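Biologist: I would like to learn how to read a model of this kind. Could you take me through a few features in turn?

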Amino acid sequence: MKKELMTPLTAKDIEALRIGDIVYLSGTLVTGRDDVLRRVLHEHMECPVDFSKAAIFHGGPIIRTNVDGTFECVAIGPTSSIRMENDQADFIKVTGLKIIIGKGGMGEKTAAGCKKYKCIHCVYPGGCAVKAADMVERVEGVEWPELGMPEALWIFRVRQFGPLIVSIDTQGNNLFTENLARYQSQKEKCEAPIIASVKEYQKI
Amino acid sequence: MQKEEAEKKLQETMEKFMKLVSIRLPDDVLEKLKECRDKESSDMQKVIYDSYFENLDVAIKEQRPCCQDTGLLHFYLKAGSEFPYLGVVEEALRKATRNATRDIPLRQNTVNFFEERNTKDNTGERIPWIHWDIVPDDDHLEVCTYYAGGGCCLPGCAKVFTPFDGYGAIVKYVFDAVAGLGVNACPPLIVGVGLGTNVENAAVLSKIAYLRPLGTHHPNPKGAKMERDLCDGLNRLGIGAQGLPGKVAAMEVHIESSARHTATIAVGVNVACYAHRRGFITFDRDLKATIRGYRGAEL
Ligand code: SF4
């Protein structure tokens, strides 16, 4: 059975989830990335969206504006979450955010923030943008459109949006740092035979 | 054909081609991706590959760009010196980019330095990026179209080593790029390695390397062996699709090289994500277009 989360989320809803779990999300999903975090945290602008009741999505959509002025989500996919690493924990603190969706992992600062303020980070497979758009039931609006299409706050109603792989849980476990450490530890062993085989390449 | 007419024809054909490339992966990439899927065994990898293929299917069905990050447009040209419309190519590609952005639509990704505002039509200073190679005594124009997304541009790097560092430095540099930021660039990757004499020539070659059709090799047997060895080695790191644990980090590694200064070994690394939106189209002197690598597709 698909494990489904529904916004608004409480700490209780996400507490039992662990890294590696796969979930699906229904409810309100709002895009917010570099510029949104910068405005809220560094320019101290009031955030027009209540992120305690919505999921944040690190990504920018392709939106078509219909003749009647309504919006249609043509494609939506995640961007690398790591770019938000510096600000994400503070953003959780300030907004009461409970779930972050993005691509790739985030760092220790965000993991600490997730643990302290009870939030999770999940990855949606990058590049699967049409499939994702099909899970958007409606575009409910846009805030801060002056930031441009990829950076604006697009407000979506989504249904069973996923698969979402939990990559940071509320205990601060971090799937990607664990993986990265494992990859790094393999590196030397994998490089060594190749380095040995090219040793003679400069000889004539 | 008058210049205006030629420009229009080129532009219109390119718009159609750019649409195809944004939606559908070329046959060689799709085949390779299926091979990669078959090598993976974990549930998590299966869920990810299922998402990849389901998404690629609906993209074709709904005629929408398969990835939301349609990037910035890069055009790598092989232009025959006798191709009669060299003078209109750049303008035609700019206009095609503008129209494709509006009509497909593509995401508006382009920002000029210092102005820092989105240009909203994916043209800007020197963008679309156009790279010219002139082919003597030929009257065709080959355009390689590439959508360069942000995530797969980030791991790109170039560095100049000394002969003392040797070929081993190349190996380490490639591993660092892939096992570092490459993990976030939507693996399985096509890894382009440029070997040259200074940073920009190595960097340009790394780009040309990953644009090469899959299944092609470096012309020197040692180069070809190094491509294979690097690919096998990277695939032992334990990295799978989306940078999560798995078996296939790289679909292929391609090396392109130029001669070097005796005192330098320059390396460029550029990675392309699994959504490798790269397409070749060739125009003859009457601007009749032939596309390759998309079975059954017509413009
Ligand atoms: S790395 Fe490629 S597939 Fe992934 S989001 Fe970026 S452009 Fe799309």
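Predicted model: local features only at pLDDT ≥ 70, side-chain atom pairs only at ≥ 80, totals over all residues.

Biologist: Let us begin with the interface. How many residues of chain A are in contact with residues of chain B?

Modeller: On chain A there are 51, and they are in contact with 54 residues of chain B. The area buried between chain A and chain B is about 4400 Å², with 63% of it from carbon and sulfur atoms. Three residues, Tyr183(A), Tyr201(A) and Gln202(A), supply 16% of what chain A buries against chain B, more than any other three residues.

Biologist: How many residue pairs in polar contact are there between chain A and chain B?

Modeller: The count is 19, with both residues at pLDDT 80 or more. On the chain A side, strand 4 (61-65), strand 5 (71-76), helix 5, strand 9 and helix 6 each supply at least two residues. Helix 6 of chain A gives the most, with 15 residues. Sorted by class, the side of chain A that touches chain B has 29 nonpolar, 13 polar and nine charged residues.

Biologist: Now a helix. How many residues does helix 3 of chain B have, and how far does it reach?

Modeller: Helix 3 of chain B covers residues 43-62, which makes 20 residues. From first C-alpha to last it reaches 28 Å, close to the 28 Å expected at 1.5 Å a residue. Just after this helix, Gln63(B) takes a positive phi of about 55 degrees.

Biologist: Which residues of helix 3 of chain B are buried?

Modeller: Start from the general idea. An α-helix has 3.6 residues a turn, so residues three or four places apart point the same way. In helix 3 of chain B the buried residues include Met44(B), Ile48(B), Tyr52(B), Asn55(B) and Ala59(B). Others among them are Tyr49(B), Phe53(B) and Leu56(B).

Biologist: What covers the buried residues of helix 3 of chain B?

Modeller: Elements of both chains do. The cover includes helix 5 (129-134), strand 9 (153-168) and helix 6 (175-198) of chain A. From chain B, it includes helix 1 (3-23) and helix 2 (27-39).

Biologist: Salt bridges next. How many are there between chain A and chain B, and how many does the structure hold over all chains?

Modeller: The general idea is that side chains of opposite charge can pair when their charged atoms come close. Over all chains, the structure holds 34 salt bridges. Between chain A and chain B the count is four. One pair is Arg64(B) with Glu72(A), whose closest N and O atoms are 3.6 Å apart. Lys131(A) and Glu54(B) form a salt bridge as well, with the closest N and O atoms 3.4 Å apart. Lys131(A) belongs to helix 5 of chain A and Glu54(B) to helix 3 of chain B, so this pair joins two chains. Lys131(A) is buried, at 10% relative accessibility, whereas Glu54(B) is partly exposed, at 41%.

Biologist: What does Arg38(A) pair with inside chain A?

Modeller: Arg38(A) meets Asp35(A) in a salt bridge of 3.0 Å, N to O. Asp35(A) and Arg38(A) are three residues apart in helix 2 (residues 34-41) of chain A, so about one helical turn separates them. Arg38(A) also meets Glu43(A) in a salt bridge, at 2.9 Å. Asp35(A) is buried, with a relative accessible area of 17%; Arg38(A) is partly exposed, at 34%; Glu43(A) is partly exposed, at 40%. Elsewhere in chain A, a network of salt bridges links Arg33(A), Asp34(A), Arg83(A) and Glu151(A).

Biologist: Is Arg278(B) buried or exposed?

Modeller: Arg278(B) counts as buried because its relative accessible area is 3%, and the cut-off is under 20%. Arg278(B) is found in strand 8 (residues 278-283) of chain B. A polar atom of its side chain lies 3.1 Å from the backbone oxygen of Leu211(B). Beyond its sequence neighbours, Arg278(B) is in contact with residues including Val21(B), Asp28(B), Cys144(B), Tyr146(B) and Tyr294(B).

Biologist: And where does Asp139(B) lie?

Modeller: Asp139(B) is in the loop between strand 2 (129-135) and strand 3 (141-148) of chain B. At 24% relative accessibility, Asp139(B) is partly exposed. The side chain of Asp139(B) makes a polar contact of 3.2 Å with the side chain of His140(B).

Terms used
Residues numbered from 1 in each chain as written. Chains lettered and ligands numbered in written order. Heavy atoms only, no water. Helix = DSSP H or I, 4+ residues; strand = E, 2+ residues; numbered from the N terminus. Expected span 1.5 Å × (residues − 1). Buried < 20%, exposed > 50% of the residue type's maximum accessible area, 1.4 Å probe, protein only. Contact = heavy atoms within 4.5 Å. Buried area = accessible area lost by both parts, 1.4 Å probe. Salt bridge = Lys/Arg side-chain N within 4 Å of Asp/Glu carboxyl O. Polar contact = N/O pair within 3.5 Å; in protein donor to acceptor, adjacent residues only side chain to side chain. Nonpolar A, V, L, I, M, F, W, Y, C, P; charged D, E, K, R; others polar.
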